[in-house]
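Trainee: I have a model open and some labels I want to understand. Can we go through them one by one?

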Amino acid sequence: MKSIRNSKKAQPAISTAALPDIVFILLFFFMTVTTIKSETLLVDNNLPQANQVKKLEKKDRVIEIYVGRPNQDLAKVLGSEPRIQLNNKIAHINEVGPYVLQELAQKPDAIRNLVTVSLKIDKEVNVGVVSDIKEELRKVNLLKVNYTVFQGNSQVGKL
Amino acid sequence: MPRRKGAPEVNAGSMADIAFLLLIFFLVTTTIETDAGLDRMLPPIEPPEEDVIIKQKNIFTVNINKNGQLLVEDELMDLKNLRSAATAFLENNADGSCNYCKGRRDAASSDNPTKAIISLKNDRETKYSTYITVQNELVGAYNDLRNREAQRLYNQDFTKMEAEYLNPETPSAIRDDLKDKVKRIQDMFPQKLSEAETSTN
């Protein structure tokens, strides 16, 4: 104590009292900006890989449809046939059209014709289900689709 | 010793640590993910008013069976040869109207890139991963050709130009410039990838 007082005469310590505030501001920024995945996946969703991809830039212009086998907890009830998940619940193929239209109605007018349907489909699913979904989407005239994949090397050699 | 006046001050020094801990937790757990995938336009449900007659030689048929085997133009083909076969078909240039094509000008294959159509058909029991891989290869064939032309004309890859054009953060001056370039390359090799049931007669 004595030596400090002697060496640095009356130099006040830098106040770090505002540091928590700064960090909290950062914290709130991240909490608000990042979106925690709102949907809990009820189906297995192991996407295939491809490399000729385009990014889906804006989240608000995307409607997501998941397809896959029910996950372990639900497999006892639902069996192992691939199921469609729309917004937190398992749905029938007939519900795809109304669901998509309902989602579309919630979007602002300006972006309504820019909406893309992101199809998140498990690798193991058969294409039949996918064609059924595409048929439903055609019926409601939503033609922009995106086969969402993991970015990576394509699986040419492995098939 | 005299007693201090008032309550002792709470030490707020570790508050920053707690906040940092929370901050790091959120940084690690949340992912700002942008999904990526293969964009495709579905055909409208209303049939076109008049039937468009397309010559058989302008259609490149790809069939996938339920075992993931490919039948390309009525011949069994390995997946790794698909991209080069599709590329050769697209730039075949039988009628000679495409001056940037380097194709073989085989009379039995496509007339020019604007007429060339790739038709993809699949079995209902095809695995989705196979389907995507095939789609990826076909899109890759288009991208290869487009990249080649973009390199020749503008010294950069088409895929890069397009990504920059679609990125909302690109300044609008650059985007306007890119728009014409991207459009020009797209018109050179228009992506005609049909997934609809095309009748054979």
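Mentor: Start with pairing: two strands pair if DSSP finds at least two bridges between them. Keep in mind that this is a predicted model.

Trainee: What makes strand 2 of chain A and strand 1 of chain B a pair?

Mentor: Two bridges join strand 2 of chain A to strand 1 (residues 36-41) of chain B. The definition asks for at least two bridges, so the strands pair. Their sense is antiparallel. Lys54(A) stands opposite Gly37(B) there.

Trainee: How many residues does each chain give to the contact?

Mentor: Chain A gives 50 residues and chain B gives 46 residues. On the side of chain A, helix 2 (19-33) and strand 2 (54-55) are among the elements that give two or more residues. That side divides into 25 nonpolar, 15 polar and ten charged residues.

Trainee: Why is Glu64(A) called partly exposed?

Mentor: Count its neighbours. Glu64(A) has 19 C-beta neighbours inside 10 Å. Buried needs 20 or more, and exposed needs 12 or fewer. The count of 19 falls in between, so Glu64(A) is partly exposed.

Trainee: Where does Glu64(A) lie, and which residues does Glu64(A) touch?

Mentor: Glu64(A) lies in strand 3 (residues 62-68) of chain A. Leaving out residues up to four places away in sequence, Glu64(A) touches Ser118(A) and Lys120(A). How do you know that these are contacts? The C-beta atoms must lie within 7 Å, so both pairs meet that cut-off.

Trainee: What share of chain A is buried?

Mentor: Buried residues make up 28% of its 159 residues.

Terms used. Residues numbered from 1 in each chain as written. Chains lettered and ligands numbered in written order. Predicted model: local features only at pLDDT ≥ 70, side-chain atom pairs only at ≥ 80, totals over all residues. Contact = placed C-beta atoms within 7 Å. Helix = DSSP H or I, 4+ residues; strand = E, 2+ residues; numbered from the N terminus. Nonpolar A, V, L, I, M, F, W, Y, C, P; charged D, E, K, R; others polar.
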